[in-house]
Amino acid sequence: MKYVDPHAHMVSRTTDDYERMALAGCVALTEPAFWAGYDRGSAEGFRDYFRLLTHTEPRRAAQYGIRHHTWLCINAKESEDVALARSVLAIIPEFLTAPGVLGIGEIGLNKNSKNELLIFDEHLELARRFGTLVLVHTPHLEDKLKGTRLIMDAIRNQGIDPGRVLIDHVEEHTVQQVLDRGFWAGMTLYPETKCTAQRACDIIECYGRERIWMNSACDWGVSDPLAVPKAAMEMRRRGHGEDLVRRITFENPCTFLSQSPNFRAE
Amino acid sequence: MAPAGTCPLAHTRTIDRYFLEHRAKVIDIAAFLDRIDRSQPPDNGREDFRLVAFRRTLEILTDGRGDRAKRVLEMLSDHSVEPIERAPMQGAFGAVPPPSHTGAAGKGGGR
């Protein structure tokens, strides 16, 4: 099986994980910028992180035949410090022309605060100005429903084509409205929060195969870099055919991501 | 609710495939509630808002209507519409805290 993991934080993973993913059929992945588990102290810390994403990780992935792509931003968790966030936004354009950079992400909201929304909007403005794709993180747990609505309204107000925006971490209470408004939807496969493989299959069965994908979002927390092939196995065990498995795990990610000239699956 | 037949597995096969796993999860929930009963009483004498929400979600499981997962998630969601003034923490609780709540960040959902 050949697949794409469209959301994986490989800076947090070992080289062994690249090997395991390649053995499982991963041919390409995309790595959004995210929260390191602590608040970084300066924009220079982000400059180093962006170099890691745009230079070091592609080389590590290439050793196993995996094409690495990335997205740049400051995470919503660090957006309460507006001055820091703006200084990070100012350096992002330096990296947008690097090979493998797909756009702005994973931007979004965390606690749905005014400052988060302000910085989210400034990220959108950057994406609009440079004509990039957008990968959106939706908030956790009790904050997801409200945050998803605020996010979609902000994108609409910026006039960005929803077909160029992937709204990630959807669950049963948000997926329908995301798809109804023309966005792409991502399901993140986590053992405890977000979506299990079984629920991801349920969502596909209930909401269809159009404009939707699955990702591992593997990082430094409880997560599994092989979550996508395991979910594919769940689909097969239920009796779904290879055409649907391939559609969700390979073709759909390629269709969305190929809107960027920097994406190559193989 | 999605129409019957969208899952390709036959009824009995679906139960065969998933029953034991979810039997274990129900027992885990029962044991969790027992554990809370056996724990030290709360300082303020009031039941934790998360547990109140949790008990309400259990009613959804047995009301005989569909879209259970969606309705549980909605019950555990903040339904306000305006952005808040300032983020009070970086984590999430899993249920909506009352306005007076000033507790520390919830465990889970931190990234």
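How many helices and strands are there in chain A? Chain A has 9 helices and 8 strands; helices (H or I, at least four residues) and strands (E, at least two) are DSSP runs, numbered from the N terminus.

The model is predicted, so local features need pLDDT of at least 70 and side-chain atom pairs count only at pLDDT 80 or more, while totals for chains, interfaces and linings use all residues. Residues are numbered from 1 along each chain as its sequence is written, and chains are lettered from A and ligands numbered from 1 in the order in which they are written.

**Chain A as a whole**

Chain A is as compact as a globular protein of 266 residues, because its radius of gyration of 17 Å is close to the 18 Å of the globule rule. That radius is taken over C-alpha atoms, and the rule is 2.2 Å times the number of residues to the power 0.38. The C-alpha trace spans about 50 × 40 × 30 Å along its principal axes. Of the 266 residues, 55% count as buried, meaning that 20 or more other C-beta atoms, placed from the backbone, lie within 10 Å of the residue's own.

**The sheet**

The strands of chain A form an open sheet of 8 with the order 1-2-3-4-5-6-7-8 and parallel pairing; two strands pair if DSSP finds at least two bridges between them. Strand 1 and strand 8 of chain A are at the edges with a single partner strand each, so one side of each has no neighbour in the sheet. Within the sheet, strand 6 (residues 165-167) and strand 7 (residues 184-188) of chain A run parallel and are joined by 2 bridges. Ile167(A) stands opposite Ala185(A) in strand 7 of chain A.

**Helix 8**

Helix 8 of chain A covers residues 227-237, and its buried residues include Val228(A), Pro229(A) and Met235(A). The buried residues of this helix pack against strand 1 (3-5), helix 7, strand 8 (212-215) and helix 9 (242-257) of chain A. After helix 8 of chain A comes Gly239(A), with a positive phi near 105°.

**The contact with chain B**

The contact takes 33 residues from chain A and 29 residues from chain B; two residues are in contact if their C-beta atoms, placed from the backbone, lie within 7 Å. These elements give two or more residues to the side of chain A that touches chain B:

| Element of chain A | Residues |
|---|---|
| helix 4 | 114-130 |
| helix 5 | 144-158 |
| helix 7 | 197-207 |

Note on methods. Buried ≥ 20, exposed ≤ 12 C-beta atoms within 10 Å, placed from the backbone.
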